[in-house]
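Visitor: I have this one open in the viewer and would like to go through it. Can we start with the strand pairing?

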Amino acid sequence: MATCGVVGQAAGTAAALAACNGKTPREVDAAQLQETLMRDDCYLPEKHLPVQDAKARCSSCAPGHAPEKALDGFLRAEENDAHAWMPDASDPAPWLEMQFAQPKAVKKVILRFDSNCSAHYAISISHWWHERIPSGVPRELVKDYALAFMRGGECVRRVRVQDNHLRFRVLELTQSVVCDAIRLEIYATYSAKPERVFQMEAYDR
């Protein structure tokens, strides 16, 4: 079913790109279609978004989960690479920060959290199977967090989110914020520790 859903999303996105650019679906650029799909959190194996033009810092990291992993453009783990930042399990106040070489105007921030995409779900009439299918909000998902927009070491704006239940979060600001860093501060998950962040992205529109 997931494959069918992705095919439908691709078809609809291709039609939208064609309509916006006055082209037929056949004339839509494949690379543009793939990047648009991934920006909307569609997973394409072995494909990735452009690497974010920023440096990464963090409060701590678990082995194999360096902060740079959250800026590398990959939306999920692949083979032996987690492609995600994860703090040390003993970190009481984890944070992840992306730093820009020069102050820039940021209008949109995209976060991609861990919703345990490897969990096995299936439609079944079996009571035995239903008891084994995870229910509710994924335990791994970040529940409470804040985004702090920094400039010169000072916070110029902070956006707090509580009771998050989504893997894919898009923050669109009404007005651009000029900053030289954005810090993700994590306060709670739905019981699983530690947290994982697959991607953190910043855009000027």
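Visitor: Which residue in β5 is the bridge partner of Leu 96?
Guide: Leu 184 is the partner of Leu 96 in β5. This is a predicted model, and β2 and β5 pair in it over 13 bridges.

Visitor: Parallel or antiparallel, β2 and β5?
Guide: Antiparallel. β2 also runs antiparallel to β6, and six bridges join the two. In that pairing, Leu 111 stands opposite Met 200 of β6.

Visitor: How many bridges for β1 and β2?
Guide: Four, again in the antiparallel sense. Lys 55 stands opposite Gln 99 of β2 there.

Visitor: Back to Met 200. What is Met 200 in contact with, leaving aside neighbours within four places in sequence?
Guide: The list includes Leu 96, Met 98, Ile 110 and Leu 111, along with Leu 147, Ile 182, Arg 183 and Leu 184. Gln 52, Ala 70 and Leu 71 are on it as well.

Visitor: And how many residues are in the largest nonpolar core?
Guide: That core has 27 residues. Met 200 is among those with the most contacts inside it, together with Phe 149, Ile 182 and Leu 184.

Visitor: Which elements give two or more residues to this core?
Guide: Those are β2 (95-113), β3 (142-151), β4 (154-161), β5 (168-189) and β6 (197-203). β2 gives the most, seven residues. Another core, of 11 residues, lies apart from this one, and Ala 18, Val 28, Met 38 and Leu 49 are among its members.

Visitor: Different topic. Where does Ala 62 lie?
Guide: Ala 62 is in the loop between β1 (55-58) and β2.

Visitor: Buried or exposed, Ala 62?
Guide: Ala 62 has a relative accessible area of 10%. The cut-off for buried is under 20%, so Ala 62 counts as buried.

Visitor: What is Ala 62 in contact with, apart from neighbours within four places in sequence?
Guide: Met 86, Pro 87 and Asp 88.

Visitor: Last thing, confidence. Where is it lowest in the chain?
Guide: In helix α3 (residues 127-130), with a mean pLDDT of 76. β1 has the highest, at 98.

Methods. Residues numbered from 1 in each chain as written. Predicted model: local features only at pLDDT ≥ 70, side-chain atom pairs only at ≥ 80, totals over all residues. Heavy atoms only, no water. Core = buried A, V, L, I, M, F, W, Y, C linked by side-chain atoms within 4.5 Å. Buried < 20%, exposed > 50% of the residue type's maximum accessible area, 1.4 Å probe, protein only. Contact = heavy atoms within 4.5 Å. Pairing = 2+ DSSP bridges. pLDDT = per-residue confidence, 0-100.
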